[in-house]
Amino acid sequence: MIPVTARPTPAPEPLAGPALEARILRAARDCVADRGLRATTIEDVAAAAGCGRASIYRIVPGGRRGLLRAVVAEEVATLFDELGVRIDAAADLAGAVVDAVNGAAVHLADHAALQRLLADEPGVIMPFISFDGAAPLLASVSAWGGGHFRRFLPADEAEAVAEWAARLVLSHLQEPHDLLVLTDPVRVRHLVETYLLPGVRVGVPA
């Protein structure tokens, strides 16, 4: 008699939660970086994340567009965390703004998925970063950056400086220019000290 070995029971897919959501978003980002959004399917993301399609639709509704929105939100939160550490370690306002602008520019320049979309499918990402579509992002940056710059400035000035920094980075992201190389901290410091600080009301924070 030929012995029969029971087939191992597959491990159940993890329940919906932060770990699975993070895996899905990371998989979506990597798929977009590798092949672009148009060529990325929900099946591709599910395979890369090691989960089923149903899990993706349940956790991140809205198909590919919903995934893109969720990835953008996650990447912005990650960038905020990264820059917050740098800004809070700066000794003065100039250093804090330089670290914010330069740090954001370097991070975005090295972001494979974002650069893939800007090069091959700009129509996908531009609504998030240009014209009226950028308003929610700018509002988030103003509120977040204002909290970090407030140790140097009154609250309204802190938020205005954060928005200036964000607009500068977004403008360069949309139309890079050799004369405005934000990945170079020396050039960023020149911009900050020449064009921003003279118009900023530095005083006792409110």
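**Helical architecture and selected packing details**

From the N terminus on, the elements of the protein run α-α-α-α-α-α-α-α-α-α, and the count is accordingly given as 10 helices and zero strands, where helices (H or I, at least four residues) and strands (E, at least two) are DSSP runs numbered from the N terminus. The model is a predicted one, in which local features need pLDDT of at least 70 and side-chain atom pairs count only at pLDDT 80 or more, whereas totals for chains, interfaces and linings use all residues. Residues are numbered from 1 along each chain as its sequence is written, and side-chain values use heavy atoms, with hydrogens and water left out.

Of the 206 residues of the protein, 41% count as buried, a term that stands for under 20% relative accessible area, with exposed meaning over 50% and partly exposed the range in between (1.4 Å probe, protein chains only). Among contacts between residues at least 6 apart in sequence, 65% join residues at least 24 apart, contact being defined as heavy atoms within 4.5 Å.

In helix α3 (residues 53-59) lies I56, which counts as buried at 1% relative accessibility. Leaving aside neighbours within four places in sequence, I56 is in contact with I24, I42, V45, A46, C51, P61 and L67; the C-alpha atoms of I56 and E43, which are 13 residues apart along the chain, are separated by 9.4 Å. R65, found in helix α4, counts instead as partly exposed, at 47% relative accessibility, and its C-alpha atom is 9.0 Å from that of L37, a residue 28 places away in sequence.

The structure holds one aromatic pair. The ring centres of F80 and W144 are 4.4 Å apart and the planes lie at 5°, so the pair is stacked; under the criteria applied, rings of Phe, Tyr and Trp (its six-membered ring) pair if their centres lie within 6.5 Å, and planes under 30 degrees apart count as stacked, over 60 as edge-to-face and the rest as tilted. This pair links distant parts of the chain, with F80 in helix α4 (residues 63-89) and W144 in helix α8 (residues 135-149), 64 residues apart, and both F80 and W144 are buried.

In helix α8, W144 is one of the buried residues, the others being L138, V141, S142, G145, G146, H148 and F149, and what covers them includes α4, α5 and α9. The 15 residues of α8 should span 21 Å at 1.5 Å a residue, which agrees with the 20 Å between its end C-alpha atoms; the expected span is 1.5 Å times one less than the number of residues. Helix α5 (residues 93-109), with 17 residues, reaches 24 Å from its first C-alpha to its last, close to the 24 Å expected, and 14 of its 17 residues are buried, so α5 is largely enclosed by the rest of the structure.

The axes of helix α6 (residues 112-120) and helix α7 (residues 122-129) come within 6 Å and cross at roughly 110°, axes being lines fitted to C-alpha atoms, for helices over the stretch in contact, with angles from 0 to 180 degrees between N-to-C directions. That makes α6 roughly perpendicular to α7, given that angles of 65 to 115 degrees count as roughly perpendicular, under 35 as roughly parallel, over 145 as roughly antiparallel and the rest as oblique. The contact is made by L114, L117, L118, A119 and D120 of α6 and P122, V124, I125, M126 and I129 of α7.
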